[in-house]
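Me: I have a structure open and would like to walk through it slowly. Could you help me read it?

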Amino acid sequence: MKKELRKTFKNANLSVDMRVLYAKEVQESTVVELKKEVRRFGHLFSRPPLLALILLGSDGASVTYVSNKRKLGDEIGIEHRDFFLPEETSESELLSLIDSLNGDDSVDGILVQLPLPKHISEEKVISRISHEKDVDGFSPYNMGLLALGEEALVPCTAKGIMTILEYYKVPLSGKSVTIIGRSNIVGRPLSLLLSKKGVDATVTLCHSKTKDLERYTKDSDVVIVAVGRPKYFDSSMAKNDAVVIDVGITRVSDSSRKRGYRIEGDVDFSSFENTDAMVTPVPGGVGVMTVTSLMENLLKAAFLRKGVEA
Ligand code: NAD
């Protein structure tokens, strides 16, 4: 299918072909609002919001994620303080750094890029970040609020997916949604957001031990795939007019590419051509909104700490 054709179908209610749910335009509209909020924060507190970014080691994917966060932060006007530490950094050194950032009033949010080296407990590190500065939303406190349906800093990928669904006006109330993957960073928080009062979807959370997965996916209005296996999900597993959200990001070796790899999602995108489905692309889909949601969380945290409604 030609790109122009996809674009034509994007905003029209045509069902002759698959529609692509691009995230770039969702991001653009969110960024406009974020810039306004950064200006408002600056007027009120005479400084930009500040994000502390902590990265241990030089894993290629992690370096790319951190660089994307810095770039979008620069575009919006958020200041960042970078702590690029050696992989051998000890757990206690990392915890002391977090303690000092927790106590530093000029820091509004703290992000520790995951995964961490094996000698460090991610749970300990996540729990140590002050819940007010927990812009990833992974702390037990924020996850607890989310589980209770209360206002929280919500994990960025799950939040980004909700923004995409809202932007493209995907009906959710009373609809059946299957999420494949129950991780604490994607599937589980997303299941809470989608089943929340006011959103009102009926959610099935599937995982590696789910038997007869297609029994759920073939009956679902929306399927969200967060497994981490390239092309795992194809059109034979979905309703003809399903909304399919591809969360997967896997680096696959590819000698034809300058960088030696390509990025693949969990969804076999081309299998949905000539269906009535709506599908997010990879790249250009959920990943774009994950970074954007981080900036939303940072602003929310910054305002909340000052006692001002975000
Ligand atoms: P994870 O490894 O923590 O969880 C994977 C989940 O998939 C588990 O719950 C597991 O039970 C389930 N699973 C594994 N094999 C399965 C199978 N055969 N059938 C059904 N379920 C199966 O992974 P994660 O951290 O949630 O990430 C999943 C994918 O999403 C990865 O590719 C990751 O890179 C990507 N990701 C993307 C973003 C983004 O911004 N786009 C953010 C986070 C993660």
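Me: Which residue stands opposite G109 in β4?
Reply: L51 is the residue that stands opposite G109 in β4, where strands are DSSP runs (E, at least two residues) and helices are DSSP runs (H or I, at least four), numbered from the N terminus. Please keep in mind that this is a predicted model, in which local features need pLDDT of at least 70, side-chain atom pairs count only at pLDDT 80 or more, and totals for chains, interfaces and linings use all residues. Residues are numbered from 1 along each chain as its sequence is written, and side-chain values use heavy atoms, with hydrogens and water left out.

Me: How many bridges join β2 to β4?
Reply: Four bridges join β2, residues 50-56, to β4, and the two run parallel; strands count as paired if DSSP finds at least two bridges between them.

Me: And what order do the strands of the sheet take?
Reply: The open sheet has three strands in the order β3-β2-β4, with parallel pairing. Its edge strands are β3 (79-85) and β4 (109-112), each of which pairs on one side only.

Me: New topic: is S139 buried or exposed?
Reply: S139 is buried, because its relative accessible area is 3%, and buried means under 20%, exposed over 50% and partly exposed in between, with a 1.4 Å probe and protein chains only.

Me: Where does S139 lie?
Reply: S139 sits in the loop between α5 (122-128) and α6 (140-147). Leaving out residues up to four places away in sequence, S139 touches I126, H131 and D134, where contact means heavy atoms within 4.5 Å.
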